[in-house]
Amino acid sequence: MRPRPATDRDIAVDSGAAGAQGRLAAVHATQLLDAAAEESFDRLTRIAQRLTGAPLAFMTVVDDVRSYWLSSQGLPAESPAQNTVEESFCQYVLAGDPLVLADVTTDERTADNPSVTGMGVRAWAGFPVRTPDGQVLGSFCVVDTTVHPWTEEDVQLLEELAAIASREVALRMATLEARSAHAVARAEADRAALLARISDLLTADLGPEDVWEALVALAVPDLGDFAYVCTVDDDGGLTPAAAEHRDRPRLPALRAWIDGAGRRTGEAAGPGHVAATGQVELIDLPESPGLTVAQHEAVHLLRVRSALVAPVVVRGEVVAVLTIARVQGSSPYTERDRELVGALMTRAGLVVEAARASSFERAVSETMQRALLPTLLPRPDHLQLASRYQPAEDAQLVGGDWYDAYLDATGTTSLVIGDVAGHDITAAATMGQLRTMLRMAGHDGTARPAQVLTDVDVACDTLGQDVFATALVARVGRFAPDQPARDRAIVWSSAGHPPPLLLHDDGSVDVVGDRVGFPLGVDPQHPRPEHHLVLPVRSTLLLYTDGLLEQQEPDLGGRRSADGRGAAARSGARDLDSGLSRLVDLLADSTGLDLESLCDRIMTTLLPAGGAADDVALIAIRPYAEDRPRLAPAGPDVLP
């Protein structure tokens with residue numbers, strides 16, 4: 001059903017509706033109030049802002065007193081992250097219907113809203129975002145500070161984006177419920193507090209090797225004065241993996257002893273014994289039967305009073321052993337402590353298994369991603385192409401971005417850049433499908449870029465392929481087929497993708513900001529605009545994904561901002577306009593570089609050394625005159 005501007009009946013929302021207990025319970029159950037901004041919601045508000053032309057876009061969560069801006073675009077860095085329900089236009093959609101007003105001051109229902117003067121709201125268009133049980137969580141909206149007649153396309157886009165946001169909320173709720181179902185019951189407050197801290201540390205996105213450092217970090221000082229982990233080899237021997245000591249100057253002595261202790265197979269007590277039995281062991285000193293001479297020497301050297309030795313078990317196999325000790329002067333461990341460490345090791349085993357699975361999934365996803373990208377770019381005569389791809393640092397952010405280039409049946413070069421929503425193996429698989437479908441749609445050279453995008457969109461809809469992706473297709477042609485080419489003719493069309501950049505030989509940069517169409521998966525039947533562009537000789541056309549614009553601003557002095565995902569991060573570090581300005585400035589400062597060096601400079605300058613926050617793909621093309629000798633990187637024709 002098509003949304004319509006709200007009527008008096010639609011906006012008849014009183015304080016009783018705003019404070020309805022069922023809705024409030026659903027809002028709090030999502031745990032999104034005061035939550036950090038999430039990339040999935042940020043992506044949607046950025047698309048809404050870009051495609052409607054509104055300066056402000058929000059995804060809000062509304063309780064009985066405030067409207068919290070879970071995702072916001074266009075606000076200054078110092079802006080707050082919320083306002084009151086009375087100040088918020090979101091109150092008008094809590095009854096469940098959208099509100100679309102070109103001028104809020106001409107409507108008696110909204111004319112006196114404090115945000116008209118407080119925030120300069122003049123036009124507002126918003127749709128309810130719902131929880132899985134149908135309750136209204138808040139709104140997905142765009143705001144303008146001038147009169148803005150919202151088009152039918154704007155309304156349709158916002159309706160679809162709000163529906164996608166509701167599905168993201170449902171996915172988050174399902175994840176929360178799954179985690180709750182597997183939570184371990186806690187009987188005592190102190191035990192609950194410790195296990196909560198352990199959970200916070202161990203449920204971080206850790207690699208298999210990082211888990212051991214995390215284990216000793218949580219054990220010291222909460223559980224002991226020092227701790228170390230040894231992994232278990234196939235023959236039962238032990239290999240040191242991590243160590244920590246409350247008294248930092250004594251850490252080298254601890255590590256030296258661990259490294260010199262040997263393989264320790266066949267011990268009657270201690271780590272070698274626990275590796276074989278898989279049972280938590282309590283060692284109380286000075287009297288403890290079964291210790292070897294070397295172990296007694298370690299007790300004296302390290303001043304051990306009491307120790308707990310516990311296995312890390314994954315799928316029935318002991319993969320590591322954790323030793324936690326208290327030194328002389330500390331109270332000895334008790335059976336209650338043994339139970340607590342046993343509970344810790346149960347969780348640690350799950351974390352190790354999850355870390356291994358995550359590492360495997362990331363490896364599979366990244367391998368799939370790279371395998372689906374072209375291994376060899378075409379080399380059309382007197383055209384040079386270059387590309388780059390870098391996965392995100394976060395193991396959960398792999399798989400959405402891609403680039404492609406191919407020669408169609410007419411010998412014309414086509415470039416493709418795209419970004420699938422989501423970052424996992426599913427996104428990588430979807431990316432591969434879209435890449436293949438776009439090639440098939442354009443391979444014979446008869447379909448123009450806009451038609452290629454539409455054909456793929458319709459095919460996905462017909463085949464029931466649920467996608468949400470941005471993409472841009474560009475064809476590089478000649479102005480006179482029977483004459484040597486110099487400047488090239490670009491025909492391109494965009495499905496919601498960031499704008500191409502044109503670097504001229506004199507260092508000037510054009511942001512090709514022509515109108516774009518809907519992303520793939522929004523409205524398959526809606527045609528996309530097509531544009532023409534002249535690509536001069538020795539100029540460079542750059543296509544890229546938005547991960548290149550979302551990185552924090554580089555600090556040439558080697559310092560980086562340490563702020564998190566507050567207002568500054570939402571409107572500054574991840575602001576696409578700022579990122580685009582940095583990219584434009586970098587291109588203008590890179591005149592004279594060959595194409596490969598230019599791409600290298602873009603990646604090394606704009607992406608942090610430790611890894612990008614999102615995956616990044618780019619592809620660039622540079623033409624040369626055909627009536628001049630061909631440069632080595634430019635041609636001859638080679639199919640990928």
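Q31 sits in the loop between helix 2 (21–30) and helix 3 (39–52). Its phi is near 60 degrees, a positive value in a residue other than glycine. Helices here are DSSP runs of H or I with at least four residues, strands are runs of E with at least two, and both are numbered from the N terminus.

This is a predicted model, where local features need pLDDT of at least 70, side-chain atom pairs count only at pLDDT 80 or more, and totals for chains, interfaces and linings use all residues. Residues are numbered from 1 along each chain as its sequence is written, and side-chain values use heavy atoms, with hydrogens and water left out.

Most residues other than glycine have a negative phi, and most peptide bonds are trans. The table lists backbone features of another kind.

| Site | Feature | Loop |
|---|---|---|
| R315 | positive phi, about 55 degrees | between strand 10 (304–314) and strand 11 (317–327) |
| V220 and P221 | cis peptide bond, omega about 10 degrees | P221: between helix 7 (208–219) and strand 7 (226–232) |

R315 is not a glycine. R315 is exposed, with a relative accessible area of 74%. Exposed means over 50% relative accessible area, buried under 20%, and partly exposed in between (1.4 Å probe, protein chains only).

Now the whole protein. It has 16 helices and 21 strands. Of its 640 residues, 54% are buried.
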